[in-house]
Amino acid sequence: MVFKGLAIIAVLFFIYLIFFKKSRESEVSHKKAKKEEKISDIMEECPTCKTYISKNEAILSNGKYFCSKECLK
């Protein structure tokens, strides 16, 4: 009786590992890719104030990257 209960628990545990391990692996790889994406941001110099800003956060105008609306004016 006890052995039967342990066997059922073991089978359920293996089923859990099979179905949910893949989703955990994809979450981890997605988080890792997102971190690498942040690290690989290209920095551009604002022509007005000479500070560097990520291209993703900069304002593009006439082929130049500005750090803020004030610098754009």
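Reader: How should I read the numbering and the values?

Author: Residues are numbered from 1 along each chain as its sequence is written, and side-chain values use heavy atoms, with hydrogens and water left out. In this predicted model, local features need pLDDT of at least 70 and side-chain atom pairs count only at pLDDT 80 or more, while totals for chains, interfaces and linings use all residues.

Reader: Is S54 buried or exposed, and which residues does S54 touch?

Author: Buried means under 20% relative accessible area, exposed over 50%, and partly exposed in between, with a 1.4 Å probe and protein chains only. S54 counts as buried because its relative accessibility is 7%. Contact means heavy atoms within 4.5 Å, and, leaving aside residues up to four places away in sequence, S54 touches D41, I42 and M43. The C-alpha atoms of S54 and E44 are separated by 6.2 Å, although these residues lie 10 residues apart along the chain.

Reader: How many disulfides does the structure hold?

Author: A disulfide is a pair of cysteine sulfur atoms within 2.5 Å, and the structure holds zero of them. C49 is in no disulfide, the nearest cysteine sulfur being that of C67, 3.5 Å away. For C71, the closest cysteine sulfur is also in C67, at 3.6 Å, which is too far for a bond.

Reader: Are C49 and C71 buried or partly exposed?

Author: C49 counts as partly exposed because its relative accessibility is 34%, whereas C71, at 12%, counts as buried.
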